[in-house]
Amino acid sequence: MSEKILLFIPAYNCEKQIGRVLGQLDGEVLTYIDEVMVVNNRSTDNTEKEVLSFMDRHPKLPVKLVRNTENYGLGGSQKMSFLYACEHGFDYVCMLHGDDQGDIHDFLPMFKKGIHKRHDCVLGARFMRGSKLKGYSRFRTFGNIVYDFIFAFVTRQRIFDLGSGLNLYKTSMLKDKFFFKFPDNLMFNYVMILASHYYKHDIIFYPVSWREEDQVSNVKMMNQALTVLKMAKEYFFDHETIKKEYRETVREAYTCEKITEAEE
């Protein structure tokens, strides 16, 4: 039986980039991807119209567009997509950010070699040998590497990236919904790293390319840095904190609606 892979693309106010991201879906990529789901997290620009325009021009591509019921944040969008993948019989769920910083082609050698079959998740890494950065400041690179070392110390395993926009997960590791109480914001992937240590997930990092050109960052660097440091400290002294409620807004569900045509 062949594996079934969902590629989900979280998108928020990336009307200039989303067309380029969808343009990555060539024949070689679709050899491995069965369905592409663009998750519009209540964008306030024309992201949704750009996706619909692409779908109109490429009606044979397995692309669908959904809109979150609320603005769930990046972490909330990931939760919704994880749940969707589990409920619809996918073996893997792959995330590619909609702002065109990453490239799904970086994972093709990994797919060809079947590396993903031997691990619970493959995490794209911007700061390991073989990775390529374009337009990424030295200051931010240094800061990321420092925090990689902090998390490596806490988890006693090598960490090469706390949260790039290109990752792959086996749905078998997601079915118990251990991630449900994790933050709905950009902190989600940081807690996922700690959770993988706690639950003994088999993770591997894989070098990817990353670029910053016309993207608009949603990261509030100082606030995020302090929050992440606090998370690492809490987990270091008490691993059971991974089970606590991290969310500012507690929700019973993460839902979306399928969009089939542009709204007036």
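I started with Phe180, which is buried at a relative accessible area of 17% (buried means under 20%, exposed over 50% and partly exposed in between, with a 1.4 Å probe and protein chains only). This is a predicted model, so I kept in mind that local features need pLDDT of at least 70, side-chain atom pairs count only at pLDDT 80 or more, and totals for chains, interfaces and linings use all residues. Residues are numbered from 1 along each chain as its sequence is written, and side-chain values use heavy atoms, without hydrogens and water.

**Aromatic rings**

I searched the whole structure and found 21 aromatic pairs. Rings of Phe, Tyr and Trp (its six-membered ring) pair if their centres lie within 6.5 Å; planes under 30 degrees apart are stacked, over 60 edge-to-face, the rest tilted. Phe180 and Tyr254 have ring centres 5.3 Å apart and planes at 80 degrees, so I noted them as edge-to-face. I then saw that this pair links distant parts of the chain, 74 residues apart. Phe180 sits in the loop between strand 7 (166-170) and helix 6, and Tyr254 in the loop between helix 7 (221-237) and strand 10 (256-259). Helices (H or I, at least four residues) and strands (E, at least two) are DSSP runs, numbered from the N terminus. Tyr254 is buried too, with a relative accessible area of 6%.

Next I looked up Tyr198 and Tyr199: their centres are 4.9 Å apart and their planes at 85 degrees, so this pair is edge-to-face. Tyr199 is partly exposed at 30% relative accessibility.

**Around helix 6**

I followed helix 3 (residues 73-87) to helix 6: their axes come within 9 Å and cross at roughly 60 degrees. Axes are lines fitted to C-alpha atoms, for helices over the stretch in contact, and angles run from 0 to 180 degrees between N-to-C directions. Helix 3 is therefore oblique to helix 6 (under 35 degrees is roughly parallel, over 145 roughly antiparallel, 65 to 115 roughly perpendicular, the rest oblique). Gly75, Gln78, Lys79 and Phe82 of helix 3 make the contact (heavy atoms within 4.5 Å) with Phe188, Asn189 and Met192 of helix 6.

My last stop was helix 5 (residues 138-155), which packs against helix 6 (residues 188-198) at about 25 degrees, with axes 10 Å apart. The two helices are therefore roughly parallel. Phe151, Val154 and Thr155 of helix 5 meet Tyr190, Ile193, Leu194 and His197 of helix 6.
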